Structure formats: C-alpha cells, structure tokens
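Please read the report below beside the sequence and the three-dimensional model.

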Amino acid sequence: MTTAAATRPLASPTTAGSVLSRMRGLGPALFGMAVFLGLWEAYIRLTNTPAFVVPAPSRIAVRLWEELPSYAYEFSYTLAAAAIGLVIGTTVGIVGAVLMANWRTLEKSLFPLAVILKLVPFVAIAPLLRIWLGYELQPKIVLASLITFFPVLVNCITGLRSADPLALEFFQSVGASRWEILTRLRWMTTLPYLYAALKVNVNLALAGAIVGELFSSKNGIGKVINDTALTLDIPAMFAAIVFLAITGVAITLFMNWSERRVLYWHESMRTVGTR
Amino acid sequence: MSQPVAAVSGSVMPSHNARGHVAVDRVTKTFMTKTGSVEAIREATLDIREQEFVTLIGPSGCGKSTLLRIIGGLIEPTGGRIEVRGQSPLEAQRTKDIGFVFQQPALLPWRTVEHNIELPFELNRGSGTDRLCSTEEILKLVGLAQFAKAHPYQLSGGMQQRVAIARALIFDPALLLMDEPFGALDEITRAGMRYELLRIWGDARKTVLFVTHSIPEAIVLSDRVIVMSPRPGEIREIIDITLPRPRNEDVESTPEFVRLADRLRHLLRA
C-alpha cells in the first residue's frame with residue numbers, strides 16, 4: 001500500500017523552536033547596532049559636536065520619547081494616506097492586470113501608458129497635486145496610489161500567466177469556465193507575485209505620502225520634518241527619522257509574518273524556512 | 001444521481017447510465033509551425049469498449065499524447081470524428097465524462113489533499129457529477145486515508161500522483177485518460193504503481209486509455225496494446241493481451257509475458 005513514500009513532518013509554520021532560533025539569529029545584528037551607536041555617541045561627546053549639527057543617539061532617544069505621542073498622532077495621517085493610496089493602487093493594478101492578461105489588444109494599448117506614468121519621477125508631480133488637490137489627504141493618496149499601482153500591475157500580469165499548464169488542462173478537461181479558471185487557479189498562482197509587489201509597495205506608499213506632506217500639508221510626519229527643518233531643531237528631526245525607521249521595520253516584519261501565513265503552501269516559504 | 005458505493009470491498013461499481021464507449025474515427029492532426037506543417041497523426045481509427053484498459057505505446061513524438069488530448073477535447077483534430085458515450089469531447093468535458101491524469105500530478109499546492117480531490121465538484125456548478133464514492137473512501141482506495149488534511153508538498157511524488165488519480169476518479173467519469181502518469185516517478189515507485197493502479201482499476205472499473213513508453217507497463221496493465229509508428233503517428237498494430245487477471249508481479253516472468261514483450265520491442269524498433 002504505502003510505497004517507498006517518505007512523508008515530511010506536518011510542522012506548523014511557526015513553532016516555539018523556530019521563534020527562538022530566529023531570536024538567536026538577531027544577536028549579531030543587535031551587536032553591530034550597539035557598536036555603531038556606541039561609536040557615534042563617543043565621537044559626539046569627545047569632539048563636543050553641537051546638537052544642531054549632529055545630535056548624539058542618547059539625545060535623539062530622549063527627544064523621541066518626549067515627542068512620541070505627537071509623532072504617533074501625526075504619523076496616523078501619513079499612515080492613513082499611504083494605506084488608502086496603497087489600497088487604490090493595488091486595486092487598480094489587479095483589475096488592470098486581469099483585463100490586460102485576458103485581452104492582448106488592451107495590453108498593447110494601455111501598458112505603454114502605464115510605463116510612461118511609472119517613468120515620471122513622482123516627486124516631480126507633487127507640486128502639481130498640491131495646486132489641484134490642496135493641503136489635505138487627497139494629494140498624498142493620489143501620490144501613493146500612482147507609485148504603487150505599477151509594481152502590482154506588472155507582477156500580477158506575470159502571475160496570471162504563470163499558472164501550471166497541466167493544472168489548466170485539468171480545469172479545462174472538467175469543463176471549467178474562464179471565470180472559474182481565473183478565480184480558482186490563476187488568482188491563487190498570482191498571490192505570491194502580488195505579495196512580492198505589496199512588500200515593496202508598503203514602503204513606497206509611505207515614501208509617497210511623506211513626499212506629499214513635505215510639499216504641502218497641515219498634518220503628517222512629513223510636515224513635522226519640514227517644521228523641524230525650518231526651526232533647525234535637528235534632534236527632533238533625527239527623532240522623526242528614527243521614528244520612521246522603526247515603523248518601517250515594524251511594517252516589514254508584519255508583511256513577512258503575514259506572507260508566511262498566506263503563502264505557507266508556496267515553495268519559496270520552505271527554502272527560507274529551513275534556515 | 002449520485003450513488004455512493006463502498007469502494008474498498010473489491011466490488012465492481014457500475015454507473016447505471018454509462019455506456020463507456022469511445023469511438024475514434026479517422027482522426028488526423030496537422031500542426032502548423034513557422035517552418036511549415038507537421039503531420040502528427042494520420043488516420044487513427046480505434047474503438048474502446050466499456051471497462052476496457054487500452055494502452056497507446058510508441059516512440060517519443062509519435063503523437064500518442066496528442067491523440068489522448070484530442071480524445072479528451074483539449075486539442076482540436078484537423079480531421080475525423082470522436083465520440084465519448086455518444087458525445088463530442090467538448091460535451092463530454094461539460095458532463096464530466098472525462099477524467100485526466102497527466103505526467104505530473106498538477107495538484108493545487110494551496111489546497112489540502114481532500115480539497116484537491118473535491119475540486120471537480122466545485123467547477124461547472126457541479127453539473128454532470130455523479131459521485132463515485134465519498135472522499136474518505138476514494139482516499140482509502142488510493143491508500144492515502146490518513147493524508148486527507150495534508151498539503152501536496154508534504155507528499156512524495158508517488159503519493160501526489162495517487163491523489164491525482166483519486167481526483168480523476170471521484171466524479172465517476174466514463175473515460176479515464178492517463179498520459180504517462182508514472183513517467184516522472186523513479187523506477188522502484190513506478191513498478192509498484194503499476195499494480196497499485198490495477199488494484200484501483202479492479203475496484204472502480206473504468207474505461208481507461210493509457211499512454212506509455214514502457215513495454216512492461218503496457219503489457220501488465222492492458223487488455224489491448226495499440227502500437228503507434230513514429231511521425232506521422234499511425235496505428236501500426238493492435239495486440240490483445242490475454243494474460244489472466246488479476247495480475248501481480250509474477251506475471252512479468254511468465255513465458256507469455258516475455259513473448260509479448262519481444263513482439264512489442266520488435267514492433268517498436270521496426
């Protein structure tokens with residue numbers, strides 16, 4: 001009955017062991033970070049560099065702690081603009097990819113337009129968006145969606161076309177409709193490609209929203225940075241940048257974690273997981 | 001319409017409305033390529049009886065896989081006619097009268113074994129789907145009872161291919177088309193799968209058309225072996241295999257088996 005069939009253990013994606021080993025993997029990174037910060041601190045103190053040129057890490061940390069509530073509040077605007085822009089950009093990208101993957105003529109006529117849109121440096125259109133859309137969330141949302149739709153579009157077109165040919169033939173052989181093939185086969189094959197685009201896009205969307213805020217805003221972490229530049233409050237500026245670095249790390253960790261949850265069945269998850 | 005039948009008892013499971021009759025009438029296929037046209041199949045004519053196990057054997061590129069795909073409605077023939085239970089291949093697809101097993105399992109990696117097997121019921125609004133037996137029973141039949149909740153990547157190649165066989169059997173198709181289903185397996189697993197398939201076929205009596213390169217595989221499995229010539233693919237000879245059933249490993253050392261193998265080797269070389 002059971003032929004020479006080796007079965008791999010049915011391990012859950014995250015076990016206590018893997019968490020521990022991942023923590024241990026962080027050791028060298030934390031050490032490197034500590035050395036870097038230590039040298040920075042020592043240099044500032046030994047040379048008596050004034051804080052308005054380069055502040056010491058300790059000074060930045062204190063300032064960040066003081067400003068944390070207000071930064072968190074301002075960042076909620078940035079995050080909202082980035083998130084809404086990301087949702088719009090992703091939706092447009094997916095719908096565009098489904099249409100273009102199905103109709104070659106549509107791809108031939110619209111894809112070049114998308115490429116041109118992508119090739120325009122998005123910073124260049126920020127002032128125009130301020131004139132058109134003003135100082136609220138809208139210009140940041142538009143900026144974030146303009147940046148994020150293209151990676152989704154390109155990756156999803158590739159994903160939709162990369163379904164296993166034999167699986168396609170099986171669907172066809174049992175009379176599956178085009179819609180069923182799209183939703184039950186092609187869409188699932190696209191998910192890893194979509195995720196790859198999303199991982200890039202969360203950071204791009206934030207960058208887009210912040211650039212929008214630098215140019216024109218009443219709120220947002222970009223506006224905070226702009227204000228600190230005007231008052232030459234360099235420690236506060238550094239604190240805001242560190243705040244963004246920390247949220248960036250948090251968002252990246254969240255994306256990696258959710259990717260493991262959603263795409264646990266994909267081969268890419270297993271080659272990474274064996275470390 | 002569905003009639004669940006105990007599967008593992010070794011019983012024959014007739015689907016009451018199946019005639020299981022396949023008629024291939026002077027089918028030709030010419031592929032158009034940039035460098036000109038290639039004649040893949042020339043005038044293939046063949047009848048398959050209900051519950052018969054027929055094997056197509058021939059050298060690489062003789063069009064046997066193409067013929068299988070034409071019968072299954074995946075490729076349009078250039079000429080000729082095909083009927084599966086009195087329907088065209090495309091109608092037969094819609095009524096789920098055709099079960100395909102390919103060289104690779106082609107399972108959906110995001111679905112568990114049981115959800116892979118149940119996929120055909122979700123498609124085409126479940127039309128024309130008699131159920132051969134429950135998912136549990138089909139898993140028992142292919143020897144994977146304890147793997148219902150496993151994902152394909154947790155199974156070996158041979159086990160995955162058995163899931164693919166279960167997926168093709170579960171909706172009780174009139175005709176099972178198998179395109180070198182053991183071609184991607186190692187030799188040891190492959191030799192075992194032959195008898196595994198015979199056991200399954202003994203339980204779920206189906207009309208089977210099986211494509212292979214392997215002479216022993218063809219002899220052990222078949223009621224009839226159809227030998228095809230290299231391009232353009234033509235049916236060169238049809239050989240009846242009268243070895244008694246049920247067959248097991250011992251059959252491969254009988255004089256009759258050796259004689260048939262010699263004959264096939266000779267035909268394939270010529």
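## Helices α2 and α8 of chain A

In this predicted model, A:Y71, A:E74, A:F75 and A:T78 of α2(A) meet A:I221, A:G222, A:K223 and A:V224 of α8(A), where two residues are in contact if their C-beta atoms, placed from the backbone, lie within 7 Å. By class, this contact of α2(A) with α8(A) holds four nonpolar, two polar and two charged residues; Ala, Val, Leu, Ile, Met, Phe, Trp, Tyr, Cys and Pro count as nonpolar, Asp, Glu, Lys and Arg as charged, and the others, Gly among them, as polar. Helices (H or I, at least four residues) and strands (E, at least two) are DSSP runs, numbered from the N terminus.

Helix α2 (residues 57–102) of chain A and helix α8 (residues 221–231) of chain A pack at an angle of about 125 degrees, and their axes lie 7 Å apart. Axes are lines fitted to C-alpha atoms, for helices over the stretch in contact, and angles run from 0 to 180 degrees between N-to-C directions. The angle makes α2(A) oblique to α8(A), given that angles under 35 degrees count as roughly parallel, over 145 as roughly antiparallel, 65 to 115 as roughly perpendicular and the rest as oblique.

Residues are numbered from 1 along each chain as its sequence is written, while chains are lettered from A and ligands numbered from 1 in the order in which they are written. Because the model is predicted, local features need pLDDT of at least 70 and side-chain atom pairs count only at pLDDT 80 or more, whereas totals for chains, interfaces and linings use all residues.

## Helices α4 and α5 of chain A

Helix α4 (residues 122–133) of chain A packs against helix α5 (residues 138–160) of chain A at about 145 degrees, with the axes 9 Å apart. The contact draws on A:F122, A:A126, A:L129, A:R130 and A:L133 from α4(A), and on A:Q138, A:P139, A:V142, A:L143, A:L146 and A:I147 from α5(A). Of the residues in this contact, nine are nonpolar, one is polar and one is charged.

## The sheet of chain B

Three strands of chain B form an open sheet in the order β2-β1-β4, with antiparallel pairing; two strands pair if DSSP finds at least two bridges between them. Strands β2 (36–48) and β4 (79–84) of chain B stand at the edges with a single partner strand each, so one side of each has no neighbour in the sheet. Neighbouring strands of this sheet are turned by 25 degrees against each other on average, direction ignored.

Strand β1 (residues 22–33) of chain B is joined to β4(B) by five bridges, and B:V24 has B:I82 in β4(B) as its bridge partner.

## Contact between the chains

The contact takes 28 residues from chain B and 25 residues from chain A. On the side of chain B that touches chain A, α6(B) gives the largest share, three residues, and the residues of that side divide into 15 nonpolar, 11 polar and two charged.

## Confidence

The model scores ipTM 0.85 and pTM 0.81. The mean pLDDT, the predictor's confidence in each residue from 0 to 100, is 85 for chain B, where 91% of residues reach 70 or more. Over residues 1–20 of chain B, however, the pLDDT is below 50.

Chain A averages a pLDDT of 87, but the value stays under 50 over residues 1–14 of chain A. Where pLDDT is low, the predicted coordinates should not be read in detail.
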